[in-house]
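Let us walk through this protein together, one region at a time. Keep the sequence and the 3D view side by side as you read.

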Amino acid sequence: MRVTKLPAFKVFVVLAIAFSMSACSMFHHKRDTNDTLPVDKLYAKAHDSMEHADYSAASKAYQRLIARFPSGDYNEQAQLDLAYSQYKDNQPDDAYSTINRFIKTYPTHKHVDYAYYLRGLINFDRTGGAMERLLQRNEAQTRRDQGFNLKSFDDFSELSRRFPDSAYTADARQRMIYLRDVLAQFEINVAEYYLRNNAYVASANRAQYVIEHYQQAPQTGDALAILTRSYLGMDQKNLADQTRQVLALNYPDHPYLKDPKWPHSPSLLRKAIPFSGHH
């Protein structure tokens, strides 16, 4: 038998192609994708990404799991974990949509208390941000739109009411106190604005709202003082005297009792300072 010899260069090319195809086959076999992994391994992959703070990769894996396996325990847990990953990945709209859908779909789920807590956290961080809270810029917080703070307060309130013994309730109640004070201060800021512009009915209404809805907030004293001044502005002396008596009884050290012009307008210089909170 005659054996045909291939030139050395052709032998090299054939071997290189064969090796390349073999390597690709081995690599593809070892590198299972989100479309081929079984549910338990896909969940483990997503969870591992989340544990290593790769929230974008975790979200993609959880989303694929939910699409491929539309029911079962893994699917339900993946929805919770997906919402958390989206929240940590600074995707609040997606996170809120995911967790809200979970609550509506599984209202009696064993972890629905966590779902309410997470929804409260998502809304809690949508007004301002971590850096602002770190710098304690509460004044700036109280001059922003309070829609998300109200939603967050309602979420935490729902958690506290429905699950008083939940592991998340204690933290939720502490956040509610913070939110209560922020919401009350927002109303005081608006009431002061109306008062400075002689809109006494509007300032009285805002002050009365704080007194009725945020009774335990430290801003209640300010609300009584503003209400007193508003009544005086409307020439309602009897109501003003009664309100001042309530203020003196409950807040004997309030500055209005010594300074009838309290609260004073912020100085023009302070208004000019960037981030001073005065707009």
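The protein has 14 helices and zero strands, where helices (H or I, at least four residues) and strands (E, at least two) are DSSP runs, numbered from the N terminus. Read from the N terminus, the order of elements is α-α-α-α-α-α-α-α-α-α-α-α-α-α. Please keep in mind that this is a predicted model, in which local features need pLDDT of at least 70 and side-chain atom pairs count only at pLDDT 80 or more, while totals for chains, interfaces and linings use all residues. Residues are numbered from 1 along each chain as its sequence is written, and side-chain values use heavy atoms, with hydrogens and water left out.

Now for the protein as a whole. Of its 279 residues, 39% are buried; here buried means under 20% relative accessible area, exposed means over 50%, and partly exposed is in between (1.4 Å probe, protein chains only). The protein exposes about 17,300 Å², and carbon and sulfur atoms supply 55% of that area. Such accessible areas come from the Shrake-Rupley method with a 1.4 Å probe, and for residues only the protein chains shown count as cover. A contact means heavy atoms within 4.5 Å. Among the protein's contacts with a separation of 6 or more, 55% are between residues 24 or more positions apart.

Which residues of helix 3 are buried? They are Tyr-55, Ala-58, Ser-59, Ala-61, Tyr-62 and Leu-65. An α-helix has 3.6 residues a turn, so residues three or four places apart point the same way. The buried residues of helix 3 pack against helix 2 (39-51) and helix 4 (73-88).

Next, find Val-112 in helix 6 (residues 112-124). Val-112 counts as buried because its relative accessibility is 2%. Setting aside residues up to four places away in sequence, Val-112 touches Tyr-106, Pro-107 and Phe-163. Its C-alpha atom is 9.1 Å from that of Leu-159, although Val-112 and Leu-159 are 47 residues apart along the chain.

Let us turn to the aromatic rings. The whole structure holds 13 aromatic pairs. Rings of Phe, Tyr and Trp (its six-membered ring) pair if their centres lie within 6.5 Å; planes under 30 degrees apart count as stacked, over 60 as edge-to-face and the rest as tilted. Why is the pair of Tyr-209 and Tyr-214 edge-to-face? The ring planes of Tyr-209 and Tyr-214 stand at 65°, with the ring centres 6.0 Å apart, so the pair is edge-to-face. Tyr-209 is partly exposed, at 32% relative accessible area, whereas Tyr-214 is buried, at 8%. Elsewhere, ring pairs join Tyr-114, Tyr-117, Phe-124, Phe-156, Tyr-168 and Tyr-178 into a cluster. Phe-124 also has Arg-175 over its face, at 4.9 Å from the ring centre. A charge sits over a ring if NZ of Lys or CZ of Arg is within 6 Å of the ring centre and within 35 degrees of the ring normal.

The loops deserve a visit too. Gln-219 lies in the loop between helix 11 (200-213) and helix 12 (220-233). Is Gln-219 buried or exposed? Gln-219 counts as buried, since its relative accessibility is 9%. Beyond its neighbours within four places in sequence, Gln-219 is in contact with Asp-181, Ala-184, Gln-185, Ile-188 and Val-210. The side chains of Gln-219 and Gln-185 are joined by a polar contact of 3.4 Å. A polar contact is a pair of N or O atoms within 3.5 Å; within protein, one must be able to donate a hydrogen and the other to accept it, and residues adjacent in sequence count only if both atoms are side-chain atoms.

Finally, look at the backbone. Asn-90, in the loop between helix 4 and helix 5 (92-105), has a positive phi of about 60° although it is not a glycine. Asp-235, in the loop between helix 12 and helix 13, has a positive phi near 65°. Asn-90 is exposed at 63% relative accessibility, and Asp-235 is exposed at 67%. The peptide bond from Trp-262 to Pro-263 is cis, with omega near 0°, and Pro-263 sits in the loop between helix 13 (237-250) and helix 14 (268-272).
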